[in-house]
Amino acid sequence: MNNKRTTQLNKKLKTFPPDVKDEFTKAKPHLEEYLTQQQLYEWVDSGIKIASQSNNAWDISVNMFRVSPIIIGSLKPDDFMKWLEAGTNLAIKHPMLGTAFFSSSPSLVQGMSSTNITDWASLGAQLYKDTWKSGTLSNRFFESSADLLEQLSFEELTRFVSFLDIVAKHSYDLSSECLTLALRLFPLVGEDKGRFISLSLNLVETGWRQLKAFYDASLKALPRVDRLQRKRFLDLSERLHLEGIINMPNTILEISQALQLIEKRDHCKLLDIAEPLLDLHPSSFSEFIKSSPIVLAKVSFDKLDAWCEEGKTLLKTNPDGGMAFFKIESSRSEKFLEEISSAVEFQTISNVIELYCRALAGEEIDLADSRDLVEKNIGWVAADSPTTEGSTVYLPETVDRYSKKSENFLWYKVVSTHQVGRMEFGSFRFRFDKPSTRFENTRNSLELKSTEGTNSNISATTDIQKFFNFFEDRQLSSDIFSVIEDGRVDAKVKDDYKGISKGYVSIQLDALKVRPNTQDLNAREALLELLVQISLGQKKSISVPKNYKEEALAIVKIARHAMDSRSSVEDTSEATVRIYAILIEVSNETVDEDDWDPLDFEEDESEGDNFSDPEGLKETLDSMGNSAGDDPADTQEDKYNSPQEVDYRGEFKPELTQLLEKLREQGQYKDGGNDTDSITQEMMDQFAKNSVELSQELNDGASGITSDEIVENMLKEVGLKKPESLEGGQGPLVHVDETGGELESDEPETFVYDEWDFRAGDYKPRWCIVRQKYMAEGEDSYYGSIVQSYGNLILQVRRQFELLVPETMRKERRLQDGEDIDIDDVIETMIDIKSGSSPNEKMYWRRNKVHRDVAVVFLLDTSASTAEAIDDSKSNSDQWNAPEDPVEYMLWLRSRRGEGTKRTYKRIIDLEKEALILLINAIEAIGDTYGIYGFSGYGRENVEFYTIKDVDELFSDRVKRRIDRIAPLHATRMGPAIRHSTSKLESIDARTKLLFMISDGRPQDRGYSREGVEKEYAVHDTRMALDEAKNKGINTFCLTVDRNGHDYLKTMMSDMGYEVLDDIYTLPHRLLYLYRKLTT
Amino acid sequence: MATKTSNSTKTLYQSYVIEEYHLKKEPYYVPVGDEIQLFEAAYSQRIPVIFKGPTGVGKTRFVEYMSWKLGVNLTKVKKEEKPGEERQQDNLPLVTIACHEDLTASDLVGRYLLEGDRTVWIDGPLTRAVKAGGICYLDEVVEARKDTTVLIHPLTDHRRMLPVEKKGELIEAADGFLLVLSYNPGYQSALKDLKHSTRQRFVSIEFNPPPREIEAQIVSHEANIDIDMAMRLAQLGEKIRNLKEHGLGEGASTRLLIYAGKLMAAGIKPRRACQVAVNWSVTDDHSLQNSIEEVTASIFE
Ligand SMILES: Nc1ncnc2c1ncn2[C@@H]1O[C@H](COP(=O)(O)OP(=O)(O)OP(=O)(O)O)[C@@H](O)[C@H]1O
Ligand SMILES: [Mg+2]
């Protein structure tokens, strides 16, 4: 450096704060390496120029000097000088931007052309409008430039800046927010960032206020969209916006939520289908996508296309209808969906199949989702396969195995038939002592022999457990038993139900397709698999280990003999003994690839009939237990694994089922005294420890449940132990044996009644006190609102009832005067004259209104159990507040869809009340005498009898208000309430008297009706009270509202006026119908 | 075989359908329980009988059968006692009256008719049965007017008398006479229940659908179809009856099963035959129909 010049410059530098000089000194040696003398001077000069701008500008110089060594490392000297020039110009023009420019440079300028550097500076300058706010924006721009350029080309950057510039015209804050968001957005946008920028630009022009929301929404939405479809997604967003969708950002958010539920690779297909909708009706586009997850849950993409086409067609002729279609809010839409979807849902078939099962079994079988049983935690674990525990058939939630709906339905039907078959054909009615019909009995000898056996000292709680106890390897015996029994049930079903057998066989064949290859199994497992496949009707040959070919043949023979429609469950047990004896001798070792032989079995139909045990069976059985003496450790036996479950059969747990049944029975007759048969807590614990069916689960430990808990759950299940959460209102159900003597009615409005004790065969005198009071009054608007909501129906019903009146017009004959003469009577009169007897002069007839003379008492069950919800779908707030979590979203979406069709949350009592209101309307139309009472109570001294409308009271607003207050109260003691109503009716003079009781079929009260003998007591007493009424010339009718078969009364009421309503929603109609029928 | 009341050409009043049977050949009847013994015992003691039971389970058929059977027996006894006397009819006369709500006492007892200048008394069906000593079967008796009870009561206690008010007569029932009522419980209209004082003059024989094997035998015979098909029809009947609690007022009657069988015999496909003859006849409820349809489909190919 020229000294003179140097000193000059040094001097100048010293006029600034020392930092300037320091940085200069530090940087200079680096630059000297690259720059010419001249350039060096220019460099210093620039620094001085910048610093001289203003009082604070020296700081910019410091920055410039500080970064210079870094910049010179990445730029050619000429370019360096350009950079310097651009920066200097900028700093001089807009001191505010200088620092940002220089300090952002190092991370940025690498590899940049000189023009770009200059342009970059001017981009920053472009944003700066001499205001503090714009300065901030511009600074932000410089700071972010490096990041931006990682995403954008320089050209795109330029366009982005012009975008920011335009936004800034509206709001600087918005612009700088967009900048921040854009930094996070660009990486999400995918390849074509330019598109996003143009979209942003367009949006500014047409709706800048949505910009921020759009950016926010995109930030959430884009990650949910398949990367390759993001550009398209943005294009579509723009289209939506241009088409005038009001809240585009929200819409794309919703769309993305739906897309999230669909596989990313399918997004393209989906958008392909959806896009044409934009031309047709822009909002339908988003509604279609929003509904697509629901649709796709039911159908394939092809069908989705069909569904969309259907909607489009509709859209063209009827836009509103089309929209409702895409929202799945029209029945046409649901119907169409239903038609094209092949999956069958449990929900939709449960009604038909439940009645089907009941018809087949002749028992009150319920149907439920398999998950319900698993949740009960009483030993069953498979949540999506069918099964039964003896009283309910459990089925998986949906079936989508076949491409045709009818086939999926058939699957449901076949599996239900199988499960019912287990009940109908006695799988759970196994009796240890019952002889088998097709085998020689060996069970007794087993019993004799095994007095010293290992397991036999364990007391068995059920017959089936007793049976399993004789086997060393209980798991093996249980597996054999299950397969054969299921095979037997299959054979029986196919024989008994010829119509379904074809479908049955095809489902068996499907089950065969997924069976493992025996060669992949160890020897014993292979033979068991052979058994399974035989039970499924395998016709092809099966590989069996060479060494065990004879055994395999023997097994096939036994199995075929047992799996026959003529066999009983006891035959299954005998077959189990025999096959077990064979299999226990087969060590479960791996078999060499070459040591397998195919086993062919010709269809020998008659084979089943001439079965005889091989010689020496007895010896084999005798030695069966002893062979366990061989130390299993010295063979290379692997642990034996049970065969893979057959899907259409599901879990089979006879041991648990028998126990449950026994417990249920015990519940029924609990008070039956010191029954030696009854199961104690210890027995339960023993059972749980011994049960093969539980041990699997307990050993797995996966469920983390203990045997104690299972025992507990079982007791709850059968009602021997009540779950903690009681159906509101009821006191603790500790057993109160109702002791004590006769009661006195000491207060006004109390009445004492006898009660029937069926055990004693006599009445308990003065046993119950009925306390009669008026129902409290609520609002009378309730009444009106119900009338309104039933609007049309009310009118209809009134008309129907008014029609009753002419129906009762009867032709009255033998009148002195009337409409016309009666020819019969005229003739008779003539005859009388001829035959000389005094003639009858009354020969006119008239249509006469026969005076309807009906008095009726409605007795309404207001016990706590009527608080039960009819329908669990409580309505949610209808705002758009979709949850983020996809699973929840799905549920939410479904519920939203359902809202339109389903009623909101109602209790049994609500429907009772509604029915009542309809009835009042009707009865008022014909003028019958009627009273309405509710009853509830707790204990025999507190039977509450609420007057809602007394028989001799006129209908009034007070009655309306009382109806409002009808609510679930305590327990139910039906007998006394019936007796009290009877006495009311007795005091009335009417030709026809009717006592109409509406209840939920559960006469529960403390000491009156809990499980067991009490329940019977209650039912008997109720029945007796009704009989008493009948004997007093009062007709009775019980209408029971009961969806779940809790109805205990039914059994006793076979020849009474009695009806069970399955579908509670029919209550109002049914009640009216019955009333009409009963009183005409 | 039904004969109208005589003089129909000159009848100026409305006549009611009254069936009077003289059975020529043994009616086909398969006993289900001890009903034959019960009825024979009741008849031998002349205790009136009520048949209780749902529709189409063979009540009418049973009374026909019994009248035939008892007639045969009686004739035989008489022949032995009085070999000279011959009886033309080999069965007990059976008078069947389908009751309806306009049926009055004089419809049962009889009335005078004009014949030229003269009046002629015509016996009603009940009177004829009383005189002839036959079985009078009042079908669906609750449907009849209440005034008929005036007649029923004296006939059914020790008096065994029929008051004929018009003629001022009391007719003593001939030895063979027995009154048999049929009555279908279930929910009757409250206005129409039988009075206790009436019911307690009778013994009740209950009729229920026969077990599968017997029903199959009946269906096979009546519809003339093979026993296998009949078995399946009986199976269907049994399954449908399991649904009685679920909205079916009454299950499928034997009669309906026979109808289905007859349709099959005439070439209708089994499922279709069951649909029209059984399913659609027992219920109008759609969901119930669907379930029964499935049951049918499981039983018939
Ligand atoms: N035990 C039986 N033996 C023979 N046939 C029977 C028997 N039970 C029913 N049937 C057949 O069923 C048909 C209907 O029986 P029937 O007419 O006697 O019924 P019902 O009980 O009188 O019915 P309703 O109460 O409707 O009059 C008969 O025609 C007959 O073919
Ligand atoms: Mg009949």
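**View 1. Salt bridges between chain B and chain A.** Three salt bridges link chain B and chain A in this predicted model. A salt bridge here is a side-chain nitrogen of Lys or Arg within 4 Å of a carboxyl oxygen of Asp or Glu. One of these pairs to look for is B:K239 with A:E424, whose side chains meet at 2.7 Å, N to O. The pair crosses between chains: A:E424 belongs to helix α23 (residues 405-424) of chain A, and B:K239 to helix α8 of chain B. Over all chains, the structure holds 65 salt bridges.

**View 2. The side of chain B that touches chain A.** Here 37 residues of chain B are in contact with 43 residues of chain A, where contact means heavy atoms within 4.5 Å. Together the two chains bury about 3,500 Å², 55% of it on carbon and sulfur atoms. Buried area is the accessible area (1.4 Å probe) that two parts lose on being put together, summed over both. There are also 12 residue pairs in polar contact between the chains, both residues at pLDDT 80 or more. A polar contact is a pair of N or O atoms within 3.5 Å; within protein, one must be able to donate a hydrogen and the other to accept it, and residues adjacent in sequence count only if both atoms are side-chain atoms.

**View 3. Which elements of chain B supply this side?** At least two residues each come from β4 (110-115), α8 (227-241) and α11 (286-299) of chain B. Helices (H or I, at least four residues) and strands (E, at least two) are DSSP runs, numbered from the N terminus. The largest share, nine residues, comes from α11(B).

**View 4. The shell around ligand 1.** Of the 16 residues around ligand 1, B:T55, B:G56, B:K59, B:T60 and B:E222 come nearest; a residue counts as near if one of its heavy atoms lies within 4 Å. In chain B, α2 (59-81), α7 (212-223) and α9 (254-265) each give the shell at least two residues.

**View 5. Polar atoms beside ligand 1.** Follow a nitrogen atom of ligand 1 to a polar backbone atom of B:V30, 2.8 Å away. An oxygen atom of the ligand is 3.2 Å from a polar backbone atom of B:G58, and an oxygen atom is 3.0 Å from an N or O atom in the side chain of B:R255. Taken alone, ligand 1 exposes 630 Å², and the protein buries 89% of that; accessible areas come from the Shrake-Rupley method with a 1.4 Å probe, and for residues only the protein chains shown count as cover.

**Reading the labels.** Residues are numbered from 1 along each chain as its sequence is written, while chains are lettered from A and ligands numbered from 1 in the order in which they are written. In this predicted model, local features need pLDDT of at least 70, side-chain atom pairs count only at pLDDT 80 or more, and totals for chains, interfaces and linings use all residues, while side-chain values use heavy atoms, with hydrogens and water left out.
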